[in-house]
Amino acid sequence: MQNLKEIWKSVVAKIEPVVGRNIVVTWFNNTALFSVENQIALIGVPSVFARDWMNSKYNEILVNLINSFGFDVEKVSYEIDAKLYDRDDIRAIRLVEDNKQQKTKTVMTQGRKMPHKEEVMVKGLRSKRLNNRYSLGNFIVGQSTRLAHAAASAVANRPGENYNPLFIYGGVGLGKTHLLHATGNAIIDNFPTAAVVYTTAENFVNEIVAGIKNFKMDDIKKMYRNIDCLIIDDIQFLGQRERTQEEFFHTFNELYDNHKQIILSSDRAPRELKGIEDRLRSRFEMGMIVDVSLPDYETRLAILMEKAQEQEAIIPKDVLEFIAYNVNENVRTLEGVLLQAIAKAKLENVMPTVKMVARYIEKFDAKIEIQGENHKYQPNNGIAKSIDDVIDIVCAYYKVSRNDLQGNVRRREYLMPRQVSMFLSRVELNQSFERIGGEFGGRNHTTVMHACEKIKELLANDHNLVRDVNAIKREMGL
Ligand code: ADP
Ligand code: MG
């Protein structure tokens with residue numbers, strides 16, 4: 001019989017193809033199989049998050065996989081043991097090599113002192129230092145970022161081959177810079193001698209302007225020829241100067257023709273970029289264009305768990321859920337609320353509570369009562385941010401009762417307001433179909449999806465509905 005550690009290793013190896021490498025590294029690193037007794041497999045996990053995560057998703061598959069090693073367990077249970085984080089604890093399996101983790105740790109502490117400012121020279125060119133805090137592994141993948149993450153991973157494995165340039169666009173705080181750093185880091189991990197330059201469009205322009213002024217443009221061009229990967233963040237700031245765009249155009253072609261990887265980010269799609277010459281725009285469109293958008297509730301929760309873990313902070317699940325539920329403008333804000341709560345809790349040496357974090361959420365500013373566990377709050381000056389608010393406003397608008405709206409009766413006078421509520425919860429509040437279904441008497445997520453599709457279709461032709469929806473949106477404070 002193999003020992004428990006070997007068995008656990010094999011179990012996790014078998015889970016990987018099912019759930020993906022990211023999830024495995026995030027949640028199964030530093031875990032152990034403590035014992036198999038009385039038909040119960042006891043799994044050691046280093047944090048409450050790992051336990052909750054596994055408990056909510058993997059109990060069944062774990063039972064099956066463990067039994068495939070000749071056991072007859074009926075269920076799994078978990079024991080939290082922070083010692084498992086300790087590299088000397090031989091019970092746990094390690095999924096990230098030692099040196100890599102060490103490297104991340106040192107750079108993390110350095111990074112905190114001087115975030116982003118640090119510059120390095122790469123083959124004579126100025127580059128920002130890649131921030132090791134950002135990796136493809138700690139980027140949480142959800143529906144809204146799946147393609148971007150997959151493209152970034154593909155580029156990291158085969159730079160300069162298929163997706164060139166890689167163009168990532170989307171609103172602020174949605175993970176573009178994170179993905180750019182992460183891809184750069186991964187390229188260097190895979191190809192340690194690769195010369196990767198990371199810069200912002202602003203810095204790039206400055207460099208070119210200086211080069212032109214000092215008649216050094218030829219030298220600069222030569223240097224760009226020597227690098228393997230050029231990453232430019234926020235390309236929308238490339239500027240409108242003809243000469244800069246001209247130089248950039250040549251640099252781009254040079255790199256591209258030599259199969260050097262180019263990665264760009266922008267706040268909008270190439271065709272929406274203003275003041276950029278057409279020939280450049282069409283260069284941007286030659287490779288892979290992917291967007292990042294707002295994550296849904298489940299993804300926001302997973303991001304919070306990841307960030308809390310990075311901070312080595314223990315946050316009660318209801319607090320994380322509360323933040324995930326109520327903060328949906330972007331990930332940066334989401335993270336900001338969490339970090340404020342962690343800082344405050346550390347300072348006062350207490351556990352963060354729902355009440356505490358509510359203070360860091362803008363919409364709760366105006367002293368709104370938090371009603372215990374259910375995460376509901378009174379609408380603030382007509383600004384609706386929860387499904388519950390939408391329901392209130394829609395009921396008032398169509399003069400139907402909450403019971404009728406949330407109920408099952410399929411009369412048009414209820415059905416339409418019901419579907420409008422679902423649509424607005426989805427489109428304006430970015431709530432997941434599951435959650436919306438839950439608020440409407442546990443309806444299936446496909447029902448909600450159909451409702452949203454239906455309203456979307458109707459809005460194309462039905463002027464009365466357009467008027468109603470616009471009026472409701474105004475009531476919602478939009
Ligand atoms: P952008 O460049 O799009 O404005 P950033 O990449 O700076 O956004 O992201 C803002 C913050 O949110 C960063 O700390 C980043 O790590 C975090 N973040 C964004 N999306 C994710 C994600 N999917 N998983 C983990 N962290 C994320
Ligand atoms: Mg950015």
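Here are some friendly notes on this predicted model, point by point.

1. **Ground rules.** Residues count from 1 along each chain as its sequence is written, and chains are lettered from A and ligands numbered from 1 in the order in which they are written. As this is a predicted model, local features need pLDDT of at least 70, side-chain atom pairs count only at pLDDT 80 or more, and totals for chains, interfaces and linings use all residues, while side-chain values use heavy atoms, with hydrogens and water left out.

2. **The sheet.** Have a look at the open sheet of five strands, ordered β7-β8-β9-β6-β10 with parallel pairing. Helices (H or I, at least four residues) and strands (E, at least two) are DSSP runs numbered from the N terminus, and two strands pair if DSSP finds at least two bridges between them. β7 (196–200) and β10 (288–291) are at the edges with a single partner strand each, so one side of each has no neighbour in the sheet. On average, neighbouring strands are turned by 15 degrees against each other, direction ignored.

3. **β6 and β10.** Strand β6 (residues 166–169) runs parallel to β10 and is joined to it by four bridges. I168 has V290 as its bridge partner in β10.

4. **A helix across the strands.** Helix α10 (residues 242–257) lies across β8 (229–233) and β9 (261–266), at about 135 degrees to β9. Axes here are lines fitted to C-alpha atoms, for helices over the stretch in contact, and angles run from 0 to 180 degrees between N-to-C directions; contact means heavy atoms within 4.5 Å.

5. **Around ligand 1.** Of the 17 residues around ligand 1, the nearest are G173, K176, T177, H178 and E335 (a residue is near if one of its heavy atoms lies within 4 Å). Polar contacts are pairs of N or O atoms within 3.5 Å. A backbone N or O atom of G173 is 2.7 Å from a ligand 1 oxygen atom, and a polar side-chain atom of K307 is 2.9 Å from an oxygen atom of ligand 1. The protein covers 94% of the 560 Å² of accessible area that ligand 1 has on its own (Shrake-Rupley method, 1.4 Å probe). Elements giving two or more residues to the shell are α7 (176–190), α12 (297–310) and α14 (331–348).

6. **Backbone details worth a glance.** Most residues other than glycine have a negative phi, and most peptide bonds are trans. The peptide bond from N164 to P165 is cis, with omega near -5 degrees, and P165 lies in the loop between α6 (146–157) and β6. N38, in the loop between β1 (32–37) and β2 (40–45), has a positive phi near 45 degrees.

Notes
A polar contact is a pair of N or O atoms within 3.5 Å; within protein, one must be able to donate a hydrogen and the other to accept it, and residues adjacent in sequence count only if both atoms are side-chain atoms.
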